[in-house]
Amino acid sequence: MSHDTGLGIAAVIVLPLLVAIAVLGSRLASLRHDKGIVTAALRALLQLAVVGALVGFALQSIWGTLGFILVMMTVATITSARRIRHVAVVPGQYAYCAAAIAGGATVVLLLLVLPGVVPRNPGSILPMGGIIVGGAMNATTLAGRRLLSEYGGRFGEFEAGLSIGLMQPDAFKLVAGPVAGDALLPSLDQTRTVGLVTLPGAFVGMVLGGASPTAAAALQLVVLIGLLAAGSIAILTTTELLARSKLPDGQSFMKG
């Protein structure tokens, strides 16, 4: 049985069709992501072509692997901060995102790699790093956007909290803190439904590569729990840093 994953003629035709369907769905639903979908698809094509060449270099040594993971964290930070800035501009936002993403991903990767849960070689560390960094990025982005959106919508309650003597971090977490948990829902749902609704990439990849379903399931469990841990740390860090930052007032928030 062949497992060739190269793009054939059918894929070259189908991929643009899928992009067109996504754009049409965005337009019909007034999502305002028409251009973003096309841009994301083109960037993915270019980036994967470049990354394909760079990964070979990164896998040659542990230092190359760590350097590549650092690049992942940098790009993840920029992406997350830009998404959050669409809701509100907070001074130090890039530093906050860097702390949340790097903090969540680093803690989890160290716990997986140092005891040997994940083999200490570039071929294992690099893909695991990409998965965990990506999960921390998503959690940071969702948490930041939800927190600031809730804060802006309930600014009057925030001011009322300050007026009765609450410190800014306490007032912020009182009105906005509860929604931060929404950022963990994608990882929670994926973990709850794994094997029933989804067959994640790590599991499928190992099975196709010849590993036993039991070994593949064990690795996938590590990935899913790692994502939950990294996401939780990223959300906690984002909440605490935003609560203590120089927040925009109601007027500037509405204008932004």
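1. Arginine 32 is located in the loop that joins α1 and α2. Helices here are DSSP runs of H or I with at least four residues, strands are runs of E with at least two, and both are numbered from the N terminus. The phi angle of arginine 32 is near 65°, a positive value in a residue other than glycine. Arginine 32 counts as exposed because its relative accessibility is 79%; the class requires over 50% relative accessible area, buried means under 20%, and partly exposed lies in between (1.4 Å probe, protein chains only).

2. The model is predicted, so local features need pLDDT of at least 70 and side-chain atom pairs count only at pLDDT 80 or more, while totals for chains, interfaces and linings use all residues. Residues are numbered from 1 along each chain as its sequence is written, and side-chain values use heavy atoms, with hydrogens and water left out.

3. Serine 30 is found in the loop between α1 (9-28) and α2 (34-58). Serine 30 is not a glycine, yet its phi is positive, at about 55°. With a relative accessible area of 58%, serine 30 is exposed. Most residues other than glycine have a negative phi.

4. As to the overall fold, the protein chain has 11 helices and zero strands. Of its 256 residues, 32% are buried. Among contacts (heavy atoms within 4.5 Å) with a separation of 6 or more, 69% link residues 24 or more positions apart. The chain exposes about 14,800 Å², of which carbon and sulfur atoms supply 69%; areas come from the Shrake-Rupley method with a 1.4 Å probe, and for residues only the protein chains shown count as cover.

5. How do α3 and α4 pack? The angle between α3 and helix α4 (residues 93-113) is about 130°, and their axes are 8 Å apart. That makes α3 oblique to α4: angles under 35 degrees count as roughly parallel, over 145 as roughly antiparallel, 65 to 115 as roughly perpendicular and the rest as oblique. Axes are lines fitted to C-alpha atoms, for helices over the stretch in contact, with angles running from 0 to 180 degrees between N-to-C directions. The crossing of this pair, α3 and α4, is right-handed, a term for a near helix turned clockwise from the far one by less than a right angle, with anticlockwise for left-handed. Residues of α3 that meet α4 include Met73, Ala76, Thr77 and Ala81, and their partners in α4 include Tyr94, Cys97, Ala98 and Ala105. The residues of this contact divide into 11 nonpolar, four polar and two charged. Ala, Val, Leu, Ile, Met, Phe, Trp, Tyr, Cys and Pro count as nonpolar, Asp, Glu, Lys and Arg as charged, and the others, Gly among them, as polar.

6. Threonine 77 lies in helix α3 (residues 62-85). Its relative accessibility is 9%, so threonine 77 counts as buried. Apart from neighbours within four places in sequence, threonine 77 is in contact with Tyr94, Cys97, Ala98 and Ile101.

7. Helix α5 (residues 122-153) packs against α3 at an angle of about 15°, with the axes 9 Å apart. The two helices, α3 and α5, are therefore roughly parallel to each other. Their crossing, α3 with α5, is right-handed. The contact is made by residues including Ile62, Phe68, Met72 and Ile84 of α3 and Pro122, Leu126, Val133 and Leu148 of α5. By class, the contact of α3 with α5 has 13 nonpolar, eight polar and two charged residues.

8. The pair α4 and α5 packs at an angle of about 145°, with axes 9 Å apart, and α4 passes α5 in a right-handed crossing. Among the residues making this contact are Ala105 and Val108 of α4, and Ile132 and Val133 of α5. The contact of α4 with α5 has 14 nonpolar, two polar and no charged residues.

9. Alanine 105 belongs to helix α4 and, at 0% relative accessibility, counts as buried. Beyond residues up to four places away in sequence, alanine 105 touches Met73, Ile132, Val133, Ala136 and Ala230. The C-alpha atoms of alanine 105 and valine 133 are separated by 5.3 Å, although the residues are 28 apart along the chain.

10. Glycine 181 occupies the loop between α7 (168-175) and α8 (185-193). Its relative accessible area is 40%, so glycine 181 is partly exposed. A distance of 7.4 Å separates the C-alpha atoms of glycine 181 and alanine 143, which are 38 residues apart along the chain.
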